[in-house]
Structure formats: C-alpha cells, structure tokens
Amino acid sequence: MTVETKTRLITASIVAPFVVLCFVNYKSLIGLVAAVVLLASYELLSLASQEKDKGFVKYAVAICVGFVVVYGIMGAQNGLLLLSLAFVLTNVIAVLTQKNVEIVWPTVVATGLSLVYVAGCLSFFFPIYLQFGAANALLNLTAVWLYDTGAYFVGMKWGKTKISKKFSPNKSLEGMIGGFLSALAFSFLYKIVFDFIFKAKVMPFTSLVIFSAVITVLDTFGDLFESALKRYFKVKDSGSVLPGHGGMLDRIDGLLFVTPVTYFLLSIGIL
C-alpha cells in the first residue's frame, strides 16, 4: 500500500463518520452542505481568479453559501428564483468592485459556474432529504463514496482500458466496473440494514441497479469534467484541504453530477 493510499484511508476514516452524523437531522445537513460549498466554491473561484482579484472571491463565496443556507431554511422551495437572485447579486458586486474590465467576463463565468455547479447541484440533497427521506439522501452520498473507492482500487490494480487519455489518463473501464459492483453491493447491503433494522424506506432493489449504473456514468463524467477544469488552470488538485484526496472539489466532483439526477429520477418514479 502506497503512502498516498494510506493517507487517503486515514483522512476518510476521520471525515466520513462526522459527515454521516450530519444526516441525523435536517439542520445539521444544511450546515454540512454549506460548509462543503464554502470550501469547494472558494477553491473553484480562487483558481479562476488566478491571483487577479482575490478580494472579489470572498464576496462570491459568501453568496454561494448564503444561497445554500436560505434555500435549505426555506424547505428547498423557490430554488430557481434564489439561484437567479444570487447570480444577479454576484455580478452587481463584480461590476462595482472590478477595476479592470478585461477580467469582468472571467469573473462572471466563474461566479455563475460556482453557483450552479457547486452550490446548486449540491443543494439537491435538501429536496431528496425532505421528500424521500434521510436514508435515501445518505445513500446518495455513501454509494458515490463506495463507487469512488471501488473504482480507485480496481483501477489501480487491473486498470488497462483507458477511457479518457486526454482529460484523466488514470480512469479505466476496469475501474468503472469495479466501482459499479462496489456501489451495487453496498446499496443492497444498505437497503437490508435500513429497511429491517432502522425501518427506513429505501428505494427498491431493482431501482438500486439503475441507481448504481447512474452513479457509474455520472460520477465518471463528473470527475472528467473537473479534471478538464484543472487542466485548463494547469493544476493537479483543486486544493489541499483533504490530505490524500486533494481539495474539497476533487472529493465531490462526481457527487455534483449524481445528486441532481438522483433527485430527478426519484421524482419521476424511476428510482
């Protein structure tokens, strides 16, 4: 086992129990999502600012976190309205604070991306929690974790068929298969435990197969998208807040793609 792998496992063993405990009630979930958005949006906006205007970053991050908190407190209602208002506010501040007109456009793009990609997508945990229960919200998180873990170890051991040499040369088809099987096995075990021990309603077994396949595809594309961003900004990791994992954005890249789609599929009855 490499030093990096050991570091990843130690970090996960410390962070994971705290994160899971935050799903005990809705208020702690709001706090968790807000904290993650704070770190991830700061990383993304700091990369985009490229030292040109770090002063604006704090305003944009505050608005991203504010959107999450207000949306959560309002019971996951009027999300599009709140997101639009947050977008307007960030760009009003951008126009008022930017002295160099050449960086207004990069600022607008970065703040808009941070609002939709980070704050918007991650906040779909709220309607999942409120409409479909804490058990399904927690499953959405932990199944993605298990997919990432399975894909990482299987890909590291047997990965040969590369799926994107341009954006993420370490990603392999073998890793995806390993991740799918890991997420599926975990989801089945999770349902058994929560259905029979905690008496919590989890999506049916047949839906868990679809759910695991959705995770496999979207988690992979979420990782590739974030890898493309990092290659554009010429960095290896989005940050260093999580030893062995890189930045917070590195840790949640797949989750940002999976969570809104999970909510959509639950809403239309496919899951």
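K191 is buried, with a relative accessible area of 8% (buried means under 20% relative accessible area, exposed over 50% and partly exposed in between, using a 1.4 Å probe and protein chains only). You are looking at a predicted model, in which local features need pLDDT of at least 70 and side-chain atom pairs count only at pLDDT 80 or more, while totals for chains, interfaces and linings use all residues. Residues are numbered from 1 along each chain as its sequence is written, and side-chain values use heavy atoms, with hydrogens and water left out.

K191 has a partner: D195, with which it forms a salt bridge whose closest N and O atoms are 2.5 Å apart. A salt bridge here is a side-chain nitrogen of Lys or Arg within 4 Å of a carboxyl oxygen of Asp or Glu. Both residues belong to helix 8, four residues apart, or about one turn of the helix. Helices (H or I, at least four residues) and strands (E, at least two) are DSSP runs, numbered from the N terminus.

Across the whole structure, the search finds five salt bridges. In another of them, K230 pairs with D250, the closest N and O atoms being 3.0 Å apart. K230 sits in helix 9 and D250 in helix 10 (residues 248-267), so this pair ties together parts that are 20 residues apart in sequence. K230 and D250 are both buried, and together with E226 they are linked in a network of salt bridges.

Next come K171 and D223, whose side chains meet in a salt bridge (3.1 Å, N to O). This pair links distant parts of the chain, 52 residues apart: K171 is in the loop between helix 7 (134-158) and helix 8 (173-196), and D223 is in helix 9 (residues 205-233). K171 counts as partly exposed because its relative accessibility is 26%, whereas D223, at 14%, counts as buried.

That brings us to the pocket. K171 and D223 are among the lining residues nearest the centre of the largest pocket, along with R8, S168 and N170; the lining has 33 residues. Helix 1 (3-21), helix 7, helix 8, helix 9 and helix 10 each give two or more residues to this lining, and helix 9 gives the most, with seven.

A pocket is an open set of points on a 1 Å grid over the protein atoms alone, where a 1.4 Å probe fits, with protein on both sides within 12 Å along at least five of seven lines; lining residues have an atom within 4 Å of a point.
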